[in-house]
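Visitor: Hello! Could you show me how to read the features of a protein model, step by step?

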Amino acid sequence: KIAAKSFLENKHLFIKKPNLPDKETEIFLDFESSLGLNLEDYTGDIDYLIGVLIRKKNHEEFLPFIADSIEDEELMFMKFIDFIKKQKDFVIYHYGYFEVTRFNELFNKYEIDKKTRSDIIDNMVNIHNICKECVIFPMTSYSLKSIAPYLGFKWRLEDLDAQKSLVLYMDYIKNDDKGALQKILTYNEDDLIATKIVKDFLA
């Protein structure tokens with residue numbers, strides 16, 4: 001009945017108060033990965049970008065950790081780990097299950113210590129899950145690409161998706177195409193901003 005009311009009135013309805021942590025530092029995080037995507041000239045798996053939007057005392061900064069070659073995934077990941085180790089009183093917001101899956105794969109792949117693993121995983125909050133638990137939206141999909149536009153957000157590169165981002169990445173590492181890299185970063189940053197907007201709406 002509640003879902004029908006939401007659709008008929010074309011407005012969202014809260015069914016439960018969202019429980020969000022009160023932390024000094026908010027980190028919005030999004031992976032770009034080749035996992036599950038296939039190109040004719042590349043069928044391997046690489047996490048090539050960990051995008052971070054960090055917000056502290058109303059100051060925001062976009063920090064992209066990118067692998068500048070297929071071989072640089074470990075270097076990229078360790079730079080991210082070093083960044084996390086410097087953080088205090090933080091929460092990591094992400095949208096969906098993918099980021100936790102990728103972290104666990106990379107933890108095992110690069111033999112990350114248990115404390116660092118728990119510092120990351122224990123401080124992760126899945127905004128997608130909170131949306132599903134707390135709000136009825138007048139739509140069938142609770143994907144970020146559905147919820148964020150409902151809240152007024154618009155991606156700068158509307159035609160870009162995960163597959164096209166991977167194509168751009170391969171162009172970047174093969175041809176040093178800085179334009180391709182910038183499109184990837186813009187796409188990733190917008191995903192982070194969209195996640196932040198949904199989180200702020202829930203708050």
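Guide: Gladly. Contact here means heavy atoms within 4.5 Å. Helices (H or I, at least four residues) and strands (E, at least two) are DSSP runs, numbered from the N terminus. This is a predicted model, where local features need pLDDT of at least 70 and side-chain atom pairs count only at pLDDT 80 or more, while totals for chains, interfaces and linings use all residues. Residues are numbered from 1 along each chain as its sequence is written, and side-chain values use heavy atoms, with hydrogens and water left out.

Visitor: Which residues of H5 meet H8?

Guide: On the H5 side they are Ile127, Ile130 and Cys131, and they meet Thr195, Val198, Lys199 and Leu202 in H8. This contact has five nonpolar residues, one polar and one charged. Here Ala, Val, Leu, Ile, Met, Phe, Trp, Tyr, Cys and Pro count as nonpolar, Asp, Glu, Lys and Arg as charged, and the others, Gly among them, as polar.

Visitor: At what angle do H5 and H8 pack?

Guide: Axes are lines fitted to C-alpha atoms, for helices over the stretch in contact, and angles run from 0 to 180 degrees between N-to-C directions. H5 (residues 127-134) and H8 (residues 178-202) pack at about 40 degrees, with axes 10 Å apart.

Visitor: Now the sheet, please. In what order do its five strands lie?

Guide: Strands of a sheet pair through backbone hydrogen bonds, either parallel or antiparallel. Two strands pair if DSSP finds at least two bridges between them. In this open sheet the order is S4-S3-S2-S5-S6, and the pairing is mixed. S4 (59-66) and S6 (124-126) are the edge strands, each pairing on one side only. From one strand to the next, the twist averages 25 degrees.

Visitor: Which strands run parallel, and how many bridges join them?

Guide: S2 and S5 (residues 90-94) run parallel, joined by four bridges. Within this pair, Glu26 stands opposite Val91 in S5. By contrast, S3 and S4 run antiparallel, with eight bridges; there, Ile50 has Phe65 in S4 as its bridge partner.

Visitor: What sits between S3 and S4 in their hairpin?

Guide: Two residues lie between the strands, and Lys57 in this hairpin takes a positive phi near 55 degrees.

Visitor: Which helix packs on the sheet?

Guide: That is H3, which touches S2, S3 (47-56), S5 and S6. The direction of H3 makes about 75 degrees with that of S2.

Visitor: Thank you, I can follow the picture now!
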